[in-house]
Structure formats: C-alpha cells, structure tokens
Amino acid sequence: MSQPRLETPHATTRERVLDAAVRLTSEVGWSQVTMARLADEVGVSRQTVYNEMGTKAGLAEAMILRELDRFLAVVTVAFDAHDDDLVGAVRAAARAVLEHAQDNRLLHAVVSATHGADTELLPLLTTHAQSLLTVAKAVIAERLAPYDVPLSPERLDAVIDMVVRVVLSHVMQPSASPADTADDISWIAARVLR
C-alpha cells in the first residue's frame with residue numbers, strides 16, 4: 001500500500017519532484033528512482049525533471065539538503081524558545097532534531113537501506129557529508145552568536161563541530177531516547193560552554 005502524497009497544493013515543480021523522489025525512495029529504494037519514473041509520478045516530461053534537478057546525483061543532493069533545511073528549522077525554533085538559556089537551547093535543539101529524525105521517511109530509507117544493497121545515498125550523510133556539516137555548523141554558529149560564551153572563536157568552532165557530529169551520529173544510530181540523548185549532549189555542552 002503506497003503512502004499518501006505529501007505535496008502542497010501550490011508546490012513548485014522542483015518541490016513536487018523532490019516529494020516524489022522521497023516517496024519513491026522510501027517505498028521502492030533509491031536504485032528504482034529514475035528521471036522517467038519521477039516524470040510520470042509528477043506528470044511532467046522527463047526533460048522537465050532534468051531541467052529542475054540536473055542529474056540523479058543532483059537530485060540526491062537536493063533531497064538531502066532539503067531535509068537538512070527541515071532539521072535546521074527545528075533547531076531555530078528550539079533556540080528561539082530558549083533565548084536566555086544556552087544549555088537549554090542546546091538540549092531543546094538536540095531533542096527536536098532527534099525526534100524529527102524518528103519519523104523522517106528519507107532518513108529511514110537511507111540509513112536502513114531496506115531495499116537490498118541500496119546504499120547509494122548513505123555517503124551523502126556520512127563520508128561525503130562535508131556540505132551538510134558546513135551548513136549545519138554555520139547555522140549553529142549563527143544561533144550561538146547572541147549568547148555570551150567565554151571561548152575563543154577557535155574553541156567555539158571546535159565545540160560546534162563536536163555537538164553537530166554527536167547529534168548527527170545519534171540521528172544515524174540512536175542509542176537512547178531523544179530526551180535522554182539530548183540530556184547527555186546538553187550535559188557535555190554545559191561543561192564546555194560555561
């Protein structure tokens with residue numbers, strides 16, 4: 001039984017292609033996603049899909065970066081809700097990201113590779129995740145800027161890198177509940193940031 005389509009009524013062609021790609025990846029696996037199949041799903045020509053996405057590798061990167069934007073949106077909300085409590089903001093952001101990851105169809109399809117040896121997308125989250133890490137670290141640095149953190153820029157960058165990598169590790173392979181993991185991450189951050 002296929003999942004209901006999650007497209008918004010006024011979605012752009014690019015958004016509709018990305019929605020269809022995520023849905024197909026979670027239902028049949030990345031190896032079965034083709035530009036022709038996406039064109040059929042979206043109701044456009046194959047050339048339109050190529051014009052919107054470029055190559056299949058470009059499609060994969062666009063899918064991952066769109067999901068990253070969604071994850072970073074929950075980080076922003078968490079920091080906004082704790083504008084006077086840095087450790088609370090770190091805890092809330094980590095928990096929100098980990099909770100969001102639990103229900104993320106694309107992430108589950110990539111990490112579990114439930115469709116045979118369909119692991120082509122996994123490097124975008126692991127060994128080739130530099131752009132993902134760069135974007136995530138930049139957002140966290142921007143969110144930390146208003147807080148009075150008694151660290152040199154180099155040390156603060158190291159803390160941001162550590163927190164982002166630890167959260168990403170738990171997104172990929174959870175070892176406890178989001179709340180417990182967020183408590184542990186914020187405990188570590190509190191020791192370093194104060």
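pLDDT is the predictor's confidence in each residue, on a scale from 0 to 100. The structure in every view is a predicted model.

**View 1. Confidence across the protein.** The protein has a mean pLDDT of 86, and 86% of its residues reach 70 or more. Helix α2 (residues 35-42) has the highest confidence, at a mean of 96, whereas helix α7 (residues 122-125) has the lowest, at 60.

**View 2. The stretch of residues 1-7.** Here the pLDDT is below 50. In the model, residues 1-7 have 13 contacts beyond near neighbours in sequence.

**View 3. Secondary structure of the protein.** The protein contains 10 helices and 0 strands. Read from the N terminus, the order of elements is α-α-α-α-α-α-α-α-α-α.

View 4. Among contacts with a separation of 6 or more, 66% are between residues 24 or more positions apart. The protein has 194 residues, and 41% of them count as buried.

**View 5. Leu-168 in helix α9.** Leu-168 lies in helix α9, which spans residues 153-172. Its relative accessibility is 18%; because buried means under 20%, Leu-168 counts as buried. Ala-136 is 32 residues away from Leu-168 in sequence, and the C-alpha to C-alpha distance between Leu-168 and Ala-136 is 9.9 Å.

Key:
Residues numbered from 1 in each chain as written. Predicted model: local features only at pLDDT ≥ 70, side-chain atom pairs only at ≥ 80, totals over all residues. Heavy atoms only, no water. Helix = DSSP H or I, 4+ residues; strand = E, 2+ residues; numbered from the N terminus. Buried < 20%, exposed > 50% of the residue type's maximum accessible area, 1.4 Å probe, protein only. Contact = heavy atoms within 4.5 Å.
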